[in-house]
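Visitor: Could you take me through one part of this model up close? I would like to see where the two chains meet, and then whatever else is worth a look.

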Amino acid sequence: MALRRILVANRGEIALRIVRAARGLGIETVLAASAADHDSLAAREADRAVVIGPSAARDSYLNARLIVHAATATGCDGLHPGYGFLSERQSLAALCDEAGVVFVGPTRDSIKAVGDKLSARRLARAAGIAMTSGSEKLATAAEAVAFAEGIGFPVVTKASAGGGGRGMVVARDPRALADGFQRASIEAKEAFGDGTLYIERYVEHARHVEVQVLGLGDGRVLHFGERDCSLQRRYQKMVEEAPAAALPETTRNRLHKAAVDLLAAIRYRNAGTVEFLYDVERDDFYFLEVNARIQVEHPVSEMITGVDLVRLQLRIAGGEPLRIQQQDIAPSGHAIEARIIAENPDRGFAPSPGRIRVWRPPHGEGIRLDTAMEEGADVPPFYDSMIAKLIVHAHDRSAAVERLRAALESFVVEGISTNIPFLRAIAAHPDFIGNRVDTRWLESVFLPQYGQPKDP
Amino acid sequence: MTDIKTQDIEALLEIFDNSPWQEMSLKVEGLELFLSKTPGAIGHSSAEHHLADPAPFPTTHATAPSAPARAISDGAKTKSTPAPVPDHWVAVRAPNLGTFYRSPKPGAAPYVTVGQTVAADTEVCLIEVMKLFTSVLAGVEGAVRKVLVEDSELVEYDQPLFLIEPA
């Protein structure tokens, strides 16, 4: 039965994106907003907005009971969690089940199966997918050192309960591992409430590649090509592309198959992303993790495949039998997304909330902007500081890079600091233009040069 | 006196709606009903009873709220315009979104009624979030002057629930 009215449990650009996708399908929307967002663009465009709690995310966007109560009390039959916040919490999916509200996402069992990284690694192993040599959970630094000596340094510690760089320490020798283990465990405990760590062999020259999938819930899993998200700072993605132009065609096909096999095995439902490390020198990839939600960078996949993934999410959640088949999904051209963030790269990337005085985004062929910002809008200090996603599409990568440069050049924001000048410098860098980057490039090559006087 | 059923009230509403009458006041055992075609009108006696009464006012709900698609557009962006309130009255506000209940359990007497004196720690209502009930305290000593929300209505964070005239 198709959804009739959904609660949008998020904010910013993704909330607006969901509201508009729902409207396109004739589905009504109720936006659950914090006090800070009561007058946001998403709140105004939704059919109804309810203020669920104060500005602090802990008492609003992170309170699953409030959100599900808001859904039932406003007569919603579905709930879209967006990304971040509670999107990958089993508890939210469970409360939705309890309240008879359709969760627009995977089943709670799937969230559990892929959400814990060690459990996800077991799934990947069962599906025959390669991964870097890694341990099961490790209780002490001594255990970690013993394991690392078996697989060889360098190694990286990882938190079983989550990602985003928390709990990750790269160690090149036993001493560094012994020192870093405790620190990583504390960091993981603070971020995820669970300090469980494991370690993996660290790949020196790796690209971050990932496959966008949609599971139909009956064992069929479609993929929408892959993305390359190697440009990261502190494990936070900054620029994402589709396709991953560096992959040889045979590797690309194997990558897609690996992602589909992994999730088909658990009859995965709705949108998900399977992330891999691509070892450039060995031309091989290793399973990293599954993100059981729509991702920030989904638009680049939409641009090359011509589908609306959020609409498909809503149609799958509504139980609509989709006729779309894998052979219908034919990627074309190249797309790049740059995350526009309210931060000051010249001051250690300090967040820069405040009022947007001037907002003149670029327009034109092959340019898409996903944002909930406008002139006069406030960037509140309480949440993630991403304010827009600039997406360009062109017939090939070099044309897309050129389009990105031009679009960034004409993007004017005043009143707050943004990373636009920083992104311009990336887009103009020969390594980026030549696609010679890896996951360490931004921090180890680009950042030390950025802001330095150029050689005459 | 027999029990008044929902159908009885609906029948009354229909008669009232189709009549040229501007106001109607009905008082039977255990129920007091005041109907008016003037938005914001309030009966003359014991105001707390009909404010507490779940019977709908025909001026705000022309039909029983059975069509949620309508309710969403009606309830969403129109805010009722409250009558001017003395500056020193204090609003008791909702601590979060939830369902508002005036009494500890269905059928029980409300925690407070208009005119009643309350202390800062007097419980004034319950807010329910997925079967979890939290009591709200008056927060100020004084007299309850207005109940702003109907029983079992959804309230949003920071929404005024009661007006209290401080002692």
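Guide: Happy to. In this predicted model, 15 residues of chain B are in contact with 18 residues of chain A. On the chain B side, the elements that give two or more residues are helix 3 (68-77) and strand 4 (98-101) of chain B. Helix 3 of chain B gives the most to that side, with 4 residues.

Now let us turn to chain A itself. Chain A is divided into domain 1 (5-104), domain 2 (133-201) and domain 3 (206-449). Taken over C-alpha atoms, the centres of domain 1 of chain A and domain 2 of chain A are separated by 35 Å.

A helix pair in chain A also deserves a look. Helix 4 of chain A (residues 90-99) packs with helix 5 of chain A (residues 108-115) at an angle of about 170°, and their axes are 9 Å apart. Angles over 145 degrees count as roughly antiparallel, so helix 4 of chain A is roughly antiparallel to helix 5 of chain A. Helix 4 of chain A makes this contact through A:Gln90, A:Ala93, A:Ala94 and A:Asp97, while helix 5 of chain A brings A:Arg108, A:Ile111, A:Lys112 and A:Gly115. The residues of this contact between helix 4 and helix 5 of chain A divide into 3 nonpolar, 2 polar and 3 charged.

Methods:
Residues are numbered from 1 along each chain as its sequence is written. Chains are lettered from A and ligands numbered from 1 in the order in which they are written. This is a predicted model: local features need pLDDT of at least 70, side-chain atom pairs count only at pLDDT 80 or more; totals for chains, interfaces and linings use all residues. Domain bounds come from an automatic or database domain assignment. Two residues are in contact if their C-beta atoms, placed from the backbone, lie within 7 Å. Axes are lines fitted to C-alpha atoms, for helices over the stretch in contact, and angles run from 0 to 180 degrees between N-to-C directions. Angles under 35 degrees count as roughly parallel, over 145 as roughly antiparallel, 65 to 115 as roughly perpendicular and the rest as oblique. Ala, Val, Leu, Ile, Met, Phe, Trp, Tyr, Cys and Pro count as nonpolar, Asp, Glu, Lys and Arg as charged, and the others, Gly among them, as polar.
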